[in-house]
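Work through these exercises with the structure open. Try each task before you read its solution.

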Amino acid sequence: MYDRYSMTADDFINDDEIRDTLAYADANKHNAELIKTIIGKAKLRKGLDHREASVLLACDIPELNDEIYELAGEIKRDFYGDRIVMFAPLYISNYCVNGCVYCPYHAKNKHISRKKLTQEEIRAEVTALQDMGHKRLAIETGEDPVNCPIDYVLESIRTIYSIKHRNGAIRRVNVNIAATTVGNYRKLKDAGIGTYILFQETYHKESYLKLHPTGPKHDYSYHTEAMDRAMEGGIDDVGCGVLFGLELYRYEFAGLLMHAEHLEAVHGVGPHTISVPRIKHADDIDPDAFDNGIDDDTFLKIIACIRIAVPYTGMIISTRESKSVREKALKLGISQISGGSRTSVGGYVEPEDDDDNSAQFDVSDNRTLDEVVKWLMELGYVPSFCTACYREGRTGDRFMSLCKSGQIQNCCLPNALMTLKEYLMDYASPDTRRIGDRVISEQVSGITNLRTREIAIRHLADIENGERDFRF
Ligand code: SF4
Ligand code: SF4
């Protein structure tokens, strides 16, 4: 039985409910009256449930699809303004005991290079990331209790936070590790992580079991209920996602929103972020071997419909996607992107070649962080290196209530401008700096609270004079 309040995966991600939802969406994909009513509800900026959003995703009427894209863009601008938060992944170990058939780190892959960074190597990687200008990282590991135990992850987090190189600092460490116990989530919380990220990969249980034939990840319920354990362990910012291409995208879309509804119903706060990775080529993985690949237009419609369904949830796109897809996705709802990423273990210090490959997937956007920052500003965006909320204790339901009331906007823009200014002073090329200084002087008048604007202007001058790390 479908029950969003249940703590059992099969109930809150209920297969019958998803199938009914897809049938309902199919039956109504030409129903202009219903679709207009749903768009009208979405205009209230309070989100949609999985059934309503699934109808929009299925909508087959071109003029109404145009309205959906327009609304997604408006909601994006209302909640996130022109700001785009920057981050980088940091792969610290690719040992893995699982058999995921879509990932080159699967245990049976004998020709991929297996690596695990020492704390000294992590220091070197983080120094390289700081020298690029990054302030926010996502740690990535495979699952291996022997080669990559929780104590190693905790030690690595401590190392990362401790490194202060020139004016650099990593101020927020998000963590993407395998589903684990409440006790381990508590340890991660105590280590000061930002968001705990875990992709469901697929919500389709039957496919899930086939795609994860061996290893602890085979346990669908344990994996699907991980976010509940994370929240029980005190982590209140969690990041969800599916790997589009493994199953029918409409099934995944409904499952993803049902997961968000479950977290909101049970814990009072939905996911902090949603990521939208698509399956890509990597070592022994050929994306064409999977039947459910989605084209760019479908991918962009998914992004638009997620934006409308959960306006308060940040949306992340990685360098799996090309520059041109990222550009379109930014307009429709993406609020956070990576830049200058390496998806191999130790790749920031030592780029790899074909004979020594530890990468999880091939990167489609190979530009440097400076190029990405400059490109964003040329498109009219404000790249932000802000990490203030987590450091000010604005997490979980406290964060969400500030989002829902719109008050968070008073912090986001000044923080974006001050962290961009730091980036320009410390890391940018002359061209990027020139454009950035113009962007800051144009955007500063958009800080509506006069007192906040005054303080921000003062701090921008302080940063010019060598001071760092101001935040609202
Ligand atoms: S997806 Fe994760 S768990 Fe699966 S093989 Fe890759 S690293 Fe291991
Ligand atoms: S103020 Fe908070 S919500 Fe806004 S960009 Fe910074 S961390 Fe994100």
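A residue counts as buried if 20 or more other C-beta atoms lie within 10 Å of its own. Keep in mind that the model is predicted.

**Exercise 1.** Find what share of the residues in the protein chain is buried.

*Solution.* Apply the cut-off of 20 or more C-beta atoms within 10 Å to each residue.

**Exercise 2.** Decide whether the radius of gyration of the protein chain agrees or disagrees with that of a compact globule.

*Solution.* Start with the length: 472 residues. A compact globule of that length would have a radius of gyration near 23 Å. The protein chain has 21 Å, so the value agrees. Next, look at the extent. The C-alpha trace spans about 60 × 55 × 40 Å along its principal axes.

**Exercise 3.** List the residues around ligand 1 and sort them by type.

*Solution.* First, the list: C96, N98, C100, C103, Y105, H106, G142, E143, A178 and K217. Then sort this shell: 5 residues are nonpolar, 3 are polar and 2 are charged.

**Exercise 4.** Which helices each supply at least two residues of the shell around ligand 2, and which domains each give at least three?

*Solution.* Begin with the residues around ligand 2: V85, S384, C386, T387, A388, C389, I408, C411, C412 and N415. α16 (388-391) and α18 (409-426) each supply at least two. α18 gives the most, with 3 residues. Then turn to domains. Domain 2 (79-388) and domain 3 (404-464) each give at least three residues to this shell. Last, sort by type: 7 are nonpolar, 3 are polar and none is charged.

Notes. Residues numbered from 1 in each chain as written. Chains lettered and ligands numbered in written order. Predicted model: local features only at pLDDT ≥ 70, side-chain atom pairs only at ≥ 80, totals over all residues. Rg over C-alpha atoms; globule rule 2.2 N^0.38 Å. Buried ≥ 20, exposed ≤ 12 C-beta atoms within 10 Å, placed from the backbone. Near = placed C-beta within 6 Å. Nonpolar A, V, L, I, M, F, W, Y, C, P; charged D, E, K, R; others polar. Helix = DSSP H or I, 4+ residues; strand = E, 2+ residues; numbered from the N terminus. Domains from an automatic or database assignment.
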